[in-house]
2 protein chains.
Amino acid sequence: MKPLTERQRLVLAFIEEFCRRQGYPPTVREVAAHFGVQPRAAADHLAALKRKGYLHREPGLSRGLSLASRLEEQVVEVPIVGRIAAGRPLLASEHVEDTLPLPRSWVHGEEVFLLKVTGDSMSPLLLPGDLVMVKAQPRVARGEIAVVLVNDEATLKRVYEEAGGLVLKGDNPEFAPLRFARDEAAELVQILGKVVGVYRSFEGRGPR
Amino acid sequence: MKPLTERQRLVLAFIEEFCRRQGYPPTVREVAAHFGVQPRAAADHLAALKRKGYLHREPGLSRGLSLASRLEEQVVEVPIVGRIAAGRPLLASEHVEDTLPLPRSWVHGEEVFLLKVTGDSMSPLLLPGDLVMVKAQPRVARGEIAVVLVNDEATLKRVYEEAGGLVLKGDNPEFAPLRFARDEAAELVQILGKVVGVYRSFEGRGPR
DNA sequence: TTAGATACTATACAAAAGTATACTTGTCAA
DNA sequence: TTGACAAGTATACTTTTGTATAGTATCTAA
């Protein structure tokens with residue numbers, strides 16, 4: 001994007017601040033009044049900012065401008081899934097407990113959801129209370145961490161397809177691997193998605 | 001908040017969608033046109049939504065309405081700090097590489113920043129590439145993980161104040177603890193803040 | 001049963017707001 | 001030195017837009 005002049009930078013900053021405080025963009029006259037100039041001068045600035053790609057404008061509409069770098073474009077509302085029960089619609093509203101606005105750069109693709117870790121089977125990589133980001137997909141590569149639905153219960157495990165069938169392994173050695181014959185797995189095991197990220201808060205956890 | 005009627009819920013949903021797409025709120029007439037009613041009817045709905053606390057309005061202003069549950073209120077722009085050099089202003093613009101919009105519920109307090117983990121000293125809890133959330137503070141409780149500036153270099157360590165002085169310990173046993181006499185520590189060691197959270201992306205990391 | 005909210009129609013008015021016309025001044029690169 | 005851009009003044013015109021007036025009809029809880 002073309003660089004801005006100092007004056008244009010100030011105008012853009014004013015618009016950002018105005019939107020943040022008011023929830024709607026300023027009028028040409030409000031920009032003009034803030035800088036103590038005539039409406040025409042302010043309109044010139046807006047035209048320059050539009051020409052340089054820093055904001056969109058709808059000609060003729062009052063307050064018809066919006067920032068090119070809007071929060072709505074930087075942020076994605078990711079659903080937090082609660083208890084997962086068997087039966088299809090994973091992202092159906094009955095499973096969604098809440099949503100969290102996360103930076104778009106963390107969310108690749110559409111079918112992503114958050115899940116609160118409850119068990120200890122992936123310790124120490126994933127601990128109870130962690131929030132894992134999961135990309136919904138029916139298969140994962142060998143050794144990747146997946147959300148797996150076994151007997152109507154969702155768990156986090158590494159998935160290995162082997163000659164004998166399917167093996168689900170936790171990182172925690174205290175948990176024995178689960179083994180399924182190929183036909184058995186097809187019936188009892190459903191991979192819901194791949195773990196693509198974790199968020200952990202240390203607050204409320206004691207120090208070592 | 002008072003419950004909405006079905007019609008009011010639809011109007012609110014339209015306003016949310018409109019703001020998300022356009023970047024500015026709709027006019028009374030745009031709401032009216034969308035529902036195929038007269039401007040007066042739409043204005044009645046807006047008045048009801050305001051009365052019930054779902055949106056703010058500035059009387060007389062075009063598009064002078066904003067949602068009570070705005071993204072701006074749910075999200076905080078947290079600075080990502082790059083190379084930290086000695087000398088005071090930690091959150092000065094020369095240290096801030098970028099910012100990331102994070103949910104307000106993750107950010108307690110004001111003086112919070114993000115730091116990319118580079119070393120291995122806190123492995124396996126914190127790995128290179130992780131993004132840690134740090135609350136800027138000059139002291140931490142015994143055993144808490146801190147961002148510590150030693151010899152003009154920022155590292156992550158657990159901090160223990162002991163009889164002999166200050167001990168900085170990584171979780172990784174391959175790293176020997178750093179010990180400082182009390183007066184030595186005051187000169188060479190500066191605690192920049194407490195690690196309060198981590199975000200880790202698994203993409204780009206190989207499976208086990 | 002009556003007051004109060006909901007949900008509208010239809011018309012009209014005045015303020016708010018974008019924009020056009022006509023100029024001026026200064027800077028800076030081709 | 002000329003033309004493009006930046007930054008402005010001053011006045012005016014025309015839409016856009018919120019709101020007021022005056023009604024109608026339905027439903028619901030005191």
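## Two chains and the surface they share

Across the interface of chain B and chain A, 13 residue pairs are in polar contact, both residues of each pair having pLDDT 80 or more. This is a predicted model, so to speak a computed picture to explore.

How big is the interface? The size of an interface is often given as the accessible area lost when the parts come together. Here, chain B and chain A bury about 4,300 Å² between them, and carbon and sulfur atoms carry 59% of it. The table shows how many residues each chain brings to the contact.

| Chain | Residues in the contact |
|---|---|
| Chain A | 53 residues |
| Chain B | 53 residues |

Now for the symmetry. Two copies of a chain are related by a rotation about an axis and a shift along it. In this model, chain B is superposed on chain A by a rotation of 180° with 0.2 Å of shift along the axis, giving an RMSD of 0.3 Å. The two copies are thus related as by a two-fold rotation axis. Both copies use the same surface, as 100% of the contact residues of chain B recur in chain A. Among the residues of chain B, Tyr199(B) comes closest to the rotation axis, with its C-alpha at 2.2 Å.

Finally, look for the largest pocket, with a volume of about 1,600 Å³. Of its 49 lining residues, Arg70(A), Leu71(A), Glu72(A), Leu71(B) and Glu72(B) are the closest to its centre. The lining comprises 22 nonpolar, 11 polar and 16 charged residues.

Note on methods. Residues are numbered from 1 along each chain as its sequence is written. Chains are lettered from A and ligands numbered from 1 in the order in which they are written. This is a predicted model: local features need pLDDT of at least 70, side-chain atom pairs count only at pLDDT 80 or more; totals for chains, interfaces and linings use all residues. Side-chain values use heavy atoms; hydrogens and water are left out. Copies are superposed by least squares on the C-alpha atoms of residues with pLDDT of at least 70 in both. Contact means heavy atoms within 4.5 Å. On a 1 Å grid over the protein atoms alone, a cavity is a set of points where a 1.4 Å probe fits but cannot get out, and a pocket is an open set with protein on both sides within 12 Å along at least five of seven lines; lining residues have an atom within 4 Å of a point. Grid points are joined across faces, edges and corners, and a volume is the space filled by probe spheres set on the points. Ala, Val, Leu, Ile, Met, Phe, Trp, Tyr, Cys and Pro count as nonpolar, Asp, Glu, Lys and Arg as charged, and the others, Gly among them, as polar. Buried area is the accessible area (1.4 Å probe) that two parts lose on being put together, summed over both. A polar contact is a pair of N or O atoms within 3.5 Å; within protein, one must be able to donate a hydrogen and the other to accept it, and residues adjacent in sequence count only if both atoms are side-chain atoms.
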